[in-house]
Amino acid sequence: EGIYGFYKGLSAPLYGEAFIQTVVFGTYGLASRILNPEGSADKLWLSGVAGMAVGISAAFVVTPIDLVKIRLQTQREAKMNRRYKHPQDVVTSVWRDGGVKGLYTGLFVTLLRDIPSYGIYFFSYNSFRSMLTNDDGSIDNLHQFFSGSIAGVSCWLMYVPYHTIGR
């Protein structure tokens, strides 16, 4: 397989993540414009509320993707006897056994995880970004990076326990 063996199976998560991020930032932009149309900096808490809206919409995309990923990862049978060989096998089996409802197994736990996680992410990002913005409204790359890093860590502190026990 050579170097390509390292990237085997990457296409499905890559496409899934691209779709998830489209939903995340599309929802955040829309919710931000609805909640804070004038873009007032003194209403930073609204970025957290917009982030919570992101958590709701993202959960409806993430849940089926996570279900497929987890079913594939948790197979214990020998490679030749596995029930699922491809993501499509999982979707077909789950759809046959439970329809749309089956694809959303775990939605409630995903909502419990994603609503506060995305709320914290966007609130902390915008809060730190606001604190580190120069008087002229600009922000340098290092401060932008720092804001994103703190937001990511803040989000994951909330996200990891749910992700660990949720499935």
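This is a predicted model: local features need pLDDT of at least 70, side-chain atom pairs count only at pLDDT 80 or more; totals for chains, interfaces and linings use all residues.
**Whole chain**

Start with everything shown as cartoon. The chain has five helices and zero strands. Read along the sequence, the pattern is α-α-α-α-α. Now colour by burial. Of the 167 residues in the chain, 32% are buried. Switch to a surface. Residues 24 or more positions apart account for 66% of them.

**The largest nonpolar core**

Which residues form the largest nonpolar core? Select these twelve and show side chains: Ile-20, Val-23, Val-24, Tyr-28, Ala-31, Ala-50, Val-54, Ala-58, Val-61, Val-62, Tyr-118 and Phe-122. Three helices each supply at least two residues of this core: helix 1 (11-35), helix 2 (45-73) and helix 4 (107-132). A second, separate core has six residues. Among them are Leu-67, Val-68, Tyr-84 and Leu-103. As background, nonpolar side chains in soluble globular proteins tend to be buried together.

**Phe-122 and Phe-25**

Centre on Phe-122, a member of the largest nonpolar core. Leave out residues up to four places away in sequence. Phe-122 then touches Val-24, Phe-25, Tyr-28, Ser-47, Gly-51 and Val-54.

Step to one of those contacts, Phe-25. Phe-25 lies in helix 1. Is Phe-25 buried or partly exposed? Its relative accessible area is 46%, so Phe-25 counts as partly exposed. Draw a distance from the C-alpha of Phe-25 to the C-alpha of Ala-58. The two residues are 33 apart along the chain, and these atoms are separated by 9.8 Å.

**Helix 2 against helix 3**

Hide the rest and keep helix 2 and helix 3 (residues 87-103). Their axes are 10 Å apart, and the helices pack at an angle of about 130°. Helix 2 passes helix 3 in a right-handed crossing.

Now show the side chains where they meet. From helix 2, pick Thr-63, Pro-64, Leu-67, Val-68, Arg-71 and Leu-72. From helix 3, pick Pro-87, Val-90, Val-91, Val-94, Gly-102 and Leu-103. Leu-67, Val-68 and Leu-103 also belong to the second core.

Bring helix 4 back and select Ser-124, which lies in it. Why does Ser-124 count as buried? Its relative accessible area is 8%, and the cut-off for buried is under 20%. Leaving out residues up to four places away in sequence, Ser-124 touches Ile-150, Ala-151 and Ser-154.

Finish at Ser-149, in helix 5 (residues 141-165). At 29% relative accessibility, Ser-149 is partly exposed.

Note on methods:
Residues are numbered from 1 along each chain as its sequence is written. Side-chain values use heavy atoms; hydrogens and water are left out. Helices (H or I, at least four residues) and strands (E, at least two) are DSSP runs, numbered from the N terminus. Buried means under 20% relative accessible area, exposed over 50%, partly exposed in between (1.4 Å probe, protein chains only). Contact means heavy atoms within 4.5 Å. A nonpolar core is a set of buried Ala, Val, Leu, Ile, Met, Phe, Trp, Tyr and Cys residues joined through side-chain atoms within 4.5 Å. Axes are lines fitted to C-alpha atoms, for helices over the stretch in contact, and angles run from 0 to 180 degrees between N-to-C directions. A crossing is left-handed if the near helix is turned anticlockwise from the far one by less than a right angle, and right-handed if clockwise.
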